[in-house]
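Subject: The structure we talked about

Hi there,

Here is the structure I promised to pass on. Please open it next to this email and follow along as you read.

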Amino acid sequence: QVQFVESGGGLVQPGGSLRLSCAASGFTFRRHAMSWYRQAPGNERELVARITSLGSSTNYADSVKGRFAISRDNAKNTVYLQMNSLKPEDTAVYYCNAERVVGRDRYDYWGQGTRVTVSS
């Protein structure tokens with residue numbers, strides 16, 4: 001059974017930092033690319049950051065480049081999102097995603113989400 005335990009969300013002032021964690025189980029973590037998505041009220045879910053299965057490559061949404069950093073520890077089956085210089089527009093529910101492509105099929109697993117609120 002696939003499970004995610006997401007943690008690290010909360011309320012932070014503008015300019016502050018948070019570190020999100022997502023501990024996964026129930027699938028072969030090291031074979032999956034991992035991503036963080038977010039969804040703000042009234043908006044579609046958007047990709048924030050992605051890291052390949054072995055951590056050799058990352059990519060980021062333009063809105064978070066230079067402020068956020070995604071990393072993973074395959075020994076702990078955990079992916080992280082370090083968020084610095086937070087802005088009110090970063091307020092959203094953040095979701096952990098595991099992705100694997102086999103041939104033409106894509107398999108996705110989703111976490112339950114953790115809320116981040118940036119406000120003074």
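In which loop is Ser85 found? Ser85 sits in the loop between E8 and E9. Please keep in mind throughout that this is a predicted model. Ser85 has a positive phi of about 50°, although it is not a glycine. With 40% relative accessibility, Ser85 counts as partly exposed.

Let me step back to the whole chain before returning to details. The C-alpha trace spans about 45 × 25 × 25 Å along its principal axes. Of the 120 residues, 40% count as buried. The accessible surface comes to about 6,600 Å², and 44% of that belongs to carbon and sulfur atoms. If you take the contacts between residues at least 6 apart in sequence, 52% of them join residues at least 24 apart.

Next, the sheet that I would look at.

Four strands form an open sheet in the order E1-E3-E8-E7, and the pairing is antiparallel. Strand E1 (3-7) and E7 stand at the edges with a single partner strand each, so one side of each is left without a neighbour in the sheet. On average, neighbouring strands of this sheet are turned by 15° against each other, direction ignored.

The loop between E7 and E8 holds Asn77. Asn77 is not a glycine, yet it has a positive phi of about 50°. Its relative accessible area is 25%, so Asn77 is partly exposed.

Now for E4 and its partners.

Strand E4 is mostly covered, with six of its seven residues buried. E4 pairs with E9 in the antiparallel sense over seven bridges, and the bridge partner of Trp36 in E9 is Cys96. E4 is also joined to E5 by five bridges, and these two strands run antiparallel. Here Tyr37 stands opposite Leu47 in E5. The hairpin of E4 and E5 has six residues between the strands, and in this hairpin Gly42 takes a positive phi near 80°.

What about the inside?

The largest nonpolar core has 28 residues, and those with the most contacts inside it are Trp36, Val79, Leu81, Met83 and Tyr94. Several elements give two or more residues to this core, among them strand E3 (18-25), strand E4 (33-39), strand E8 (78-83) and strand E9 (92-102). In soluble globular proteins, nonpolar side chains tend to be buried together.

Start with Leu20 in strand E3. Leu20 is buried, with a relative accessible area of 0%. Leaving aside neighbours within four places in sequence, Leu20 is in contact with several residues, including Trp36, Val79, Leu81, Met83 and Tyr94. Leu20 and Arg115 are 95 residues apart along the chain, but their C-alpha atoms are separated by 10 Å.

Then move to Met83. Not counting residues up to four places away in sequence, Met83 touches Gly16, Ser17, Leu18, Leu20, Arg67, Phe68, Tyr94 and Val116.

Is Arg67 buried or exposed? At 11% relative accessibility, Arg67 counts as buried, because the cut-off for buried is under 20%. Beyond its neighbours within four places in sequence, Arg67 is in contact with Gln82, Met83, Asn84, Ser85, Leu86, Lys87 and Asp90. Ser85 is one of those contacts, which brings you back to the loop between E8 and E9.

Enjoy exploring, and write back with any questions.

Best wishes

How values were computed
Residues numbered from 1 in each chain as written. Predicted model: local features only at pLDDT ≥ 70, side-chain atom pairs only at ≥ 80, totals over all residues. Heavy atoms only, no water. Buried < 20%, exposed > 50% of the residue type's maximum accessible area, 1.4 Å probe, protein only. Contact = heavy atoms within 4.5 Å. Core = buried A, V, L, I, M, F, W, Y, C linked by side-chain atoms within 4.5 Å. Pairing = 2+ DSSP bridges. Axes fitted to C-alpha atoms, helices over the stretch in contact; angles between N-to-C directions. Areas by Shrake-Rupley, 256 points an atom, 1.4 Å probe, with all protein chains shown as cover.
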